[in-house]
Amino acid sequence: ADTNYILVGMIIEKVSGKSLYELITERILKPYKLERTIPSDSSTLPEVANGYFENKPLVVDGKFTINPQWEWAGGGFASTAEDLARWGGLLYSGSVLSPASMDEMFKSTTVGEGAGYGLGVMISRSKWGRSYGHDGAFPGYLSDLRYYTKYNLAIAVMVNAEAPGVDHFLATAVDDFAGVIINATSKSSESERLKIQKFAEDWLNLI
């Protein structure tokens, strides 16, 4: 729950003597070149597309009509699909955390209604095999990230929460996009694969 992340954030700030956003910027955003991921710590967030909630725009005259700071340690960042996919690829491939931490993240799963949920990660099976990831929801915005372990492929999709049929679209879009890329790259040369990957990343970033 977000409350758990809020408590962890408070502990981290108390121990380090630094703000959580400062630490995340120093240790994650800058080293991993997530240049278009920014803290949601202001009513003005450059480059954030206007979302709609209850048929009303959330950004008016360049400012949010709600306070975007309320998630803080529970997900208080604005990003792009490209940065989100890059982060998913880095995190779930083992490039960020130690093997011991990765084991804890994936093995500490819940049961019952939350079955398959690890430490901040949704673990699922698809027609493309095992995947790790998470979805996200903020008034006016929805996102979904999945990393397909067999193909070392991360896909992120972001949409306006009030677009017609968006719930059905988002539920299947990530797997569908993964299928397009997997089918296209499995029969291609390395140079062709990189071109298709770049094309797909650019296209997904526009959604």
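## Charged partners and ring pairs

Let's start with arginine 36, which is partly exposed at a relative accessible area of 38% (buried means under 20% relative accessible area, exposed over 50%, and partly exposed in between, with a 1.4 Å probe and protein chains only). Before going on, note that this is a predicted model, in which local features need pLDDT of at least 70, side-chain atom pairs count only at pLDDT 80 or more, and totals for chains, interfaces and linings use all residues. Residues are numbered from 1 along each chain as its sequence is written, and side-chain values use heavy atoms, with hydrogens and water left out.

What does the side chain of arginine 36 meet in a salt bridge? The partner is glutamate 47, at 2.7 Å from N to O. A salt bridge here is a side-chain nitrogen of Lys or Arg within 4 Å of a carboxyl oxygen of Asp or Glu. Arginine 36 sits in the loop between helix H2 (20-29) and strand E1 (38-39), while glutamate 47 belongs to the loop between E1 and strand E2 (52-53), so the pair ties together parts that are eleven residues apart in sequence. Helices (H or I, at least four residues) and strands (E, at least two) are DSSP runs, numbered from the N terminus. Glutamate 47 is exposed, with a relative accessible area of 66%.

Now move to helix H3 (residues 81-92), where you will find aspartate 83. Is aspartate 83 buried or exposed? At 4% relative accessibility, aspartate 83 counts as buried. Its side chain reaches the backbone nitrogen of arginine 36 at 2.9 Å, and a polar contact of 2.8 Å joins it to the side chain of arginine 86. A polar contact is a pair of N or O atoms within 3.5 Å; within protein, one must be able to donate a hydrogen and the other to accept it, and residues adjacent in sequence count only if both atoms are side-chain atoms. Leaving aside residues up to four places away in sequence, aspartate 83 touches Lys33, Leu34, Glu35, Arg36 and Thr37, where contact means heavy atoms within 4.5 Å.

| Salt bridge | N to O distance |
|---|---|
| Arginine 36 and glutamate 47 | 2.7 Å |
| Glutamate 82 and arginine 86 | 3.5 Å |
| Arginine 86 and aspartate 83 | 2.8 Å |

Salt bridges that share partners join Glu82, Asp83 and Arg86 into one network. Glutamate 82 and arginine 86 both lie in helix H3, four residues apart, about one turn of the helix. Glutamate 82 is partly exposed at 27% relative accessibility, and arginine 86 is partly exposed too, with a relative accessible area of 33%.

Finally, look at the rings. A search of the whole structure finds eight aromatic pairs. Rings of Phe, Tyr and Trp (its six-membered ring) pair if their centres lie within 6.5 Å; planes under 30 degrees apart count as stacked, over 60 as edge-to-face and the rest as tilted. One of the pairs, tyrosine 32 with tryptophan 87, is edge-to-face, at 6.3 Å centre to centre and 65° between the planes. Tyrosine 32 lies in the loop between H2 and E1 and tryptophan 87 in helix H3, so this pair ties together parts that are 55 residues apart in sequence. Phenylalanine 138 and tyrosine 141 form a tilted pair, with 6.3 Å centre to centre and 45° between the planes, and both of these residues are buried. Tyr92, Phe106, Tyr132 and Tyr147 form one aromatic cluster.
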